[in-house]
Amino acid sequence: MRKRILLLEDEQAIADTLIYALQSEGFEVRHVRLAGEALQAFEAGPPDLAVLDVGVPDGSGFDVCRAIRKTSEVPIVFLSARHEEIDRVLGLELGADDYVVKPFSPREVVARVRAILRRSAGSGGPAAAVPNAPVAQAGALVLDEAAQRIACLGSYLPLTRYEFQLLATLLRRPERIFSRSELMDLVWGGAADTSDRTVDAHVKLLRAKLRERGLMAEVIQTHRNMGYSIRLPD
Ligand code: CA
């Protein structure tokens with residue numbers, strides 16, 4: 001079945017190139033120009049992924065993301081004209097899967113959309129089929145490197161790209177303490193605009209997701225002035 005993309009973008013020229021690129025790759029696109037329309041469209045029929053422009057005339061893509069996240073883990077990609085750390089951190093804190101800064105090539109956006117959909121396929125579903133060859137395991141958490149997924153108590157965790165990379169990095173070396181700057185290098189590839197706050201914000205999000213699955217949030221341990229580690233069960 002064709003994957004449905006909800007596209008919020010008020011600039012017609014940008015929307016046109018994105019719609020064309022997405023449709024050429026077989027996606028079905030629902031395009032809206034206003035935040036209010038995006039929410040209506042979402043409620044009328046949740047898409048497989050949402051691409052949200054940050055700056056729109058009646059509000060912002062961030063507001064739309066917040067509203068969507070109350071009920072849905074659908075992957076979200078932000079489009080932004082501003083390349084500011086605060087925007088990027090906010091976007092990722094809100095649970096976005098990716099963040100693209102204008103000007104971008106439509107092909108780049110499509111490539112990211114495809115990658116995210118591939119990664120999120122099956123997340124949240126039963127994990128029976130895959131973790132027969134776990135590469136890393138710590139108690140209830142099993143990292144499946146091949147499928148780029150992490151199972152928790154038998155089902156996959158719905159994780160954004162950076163949440164996955166962060167938890168996977170910790171899981172590969174249980175009990176090993178990673179400093180925030182190490183994590184920035186390993187997870188964010190040393191991107192210039194990451195900060196300690198980026199790491200802390202993602203740990204917070206991960207703990208919330210683990211708690212939702214009934215796992216103690218302390219599985220990810222904070223080491224004062226040192227960093228984070230995964231705790232092995234006693
Ligand atoms: Ca705009």
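Me: What share of the 234 residues in the chain is made up of buried residues?
Reply: In this predicted model, buried residues make up 48% of the 234 residues, where buried means under 20% relative accessible area, exposed over 50%, and partly exposed in between, with a 1.4 Å probe and protein chains only. Local features need pLDDT of at least 70, side-chain atom pairs count only at pLDDT 80 or more, and totals for chains, interfaces and linings use all residues. Residues are numbered from 1 along each chain as its sequence is written, and side-chain values use heavy atoms, with hydrogens and water left out.

Me: Which residues coordinate the calcium ion?
Reply: The calcium ion is coordinated by Asp10 (OD), Asp53 (OD) and Gly55 (O), at 2.2 to 2.3 Å, and donors are N, O and S atoms within 2.8 Å of the metal, or 3.2 Å for Na, K and Ca. Water is not among the atoms, so the site may look incomplete.

Me: Why does Asp10 count as partly exposed?
Reply: Asp10 has 28% relative accessibility, and therefore counts as partly exposed; Gly55, at 43%, also counts as partly exposed.

Me: Why are α6 and α8 called roughly perpendicular?
Reply: The axes of helix α6 (residues 161-172) and helix α8 (residues 196-212), lines fitted to C-alpha atoms over the stretch in contact, come within 10 Å and cross at roughly 85°. Angles of 65 to 115 degrees count as roughly perpendicular, under 35 as roughly parallel, over 145 as roughly antiparallel and the rest as oblique, and α6 and α8 are therefore roughly perpendicular to each other.

Methods: Axes are lines fitted to C-alpha atoms, for helices over the stretch in contact, and angles run from 0 to 180 degrees between N-to-C directions. Helices (H or I, at least four residues) and strands (E, at least two) are DSSP runs, numbered from the N terminus.
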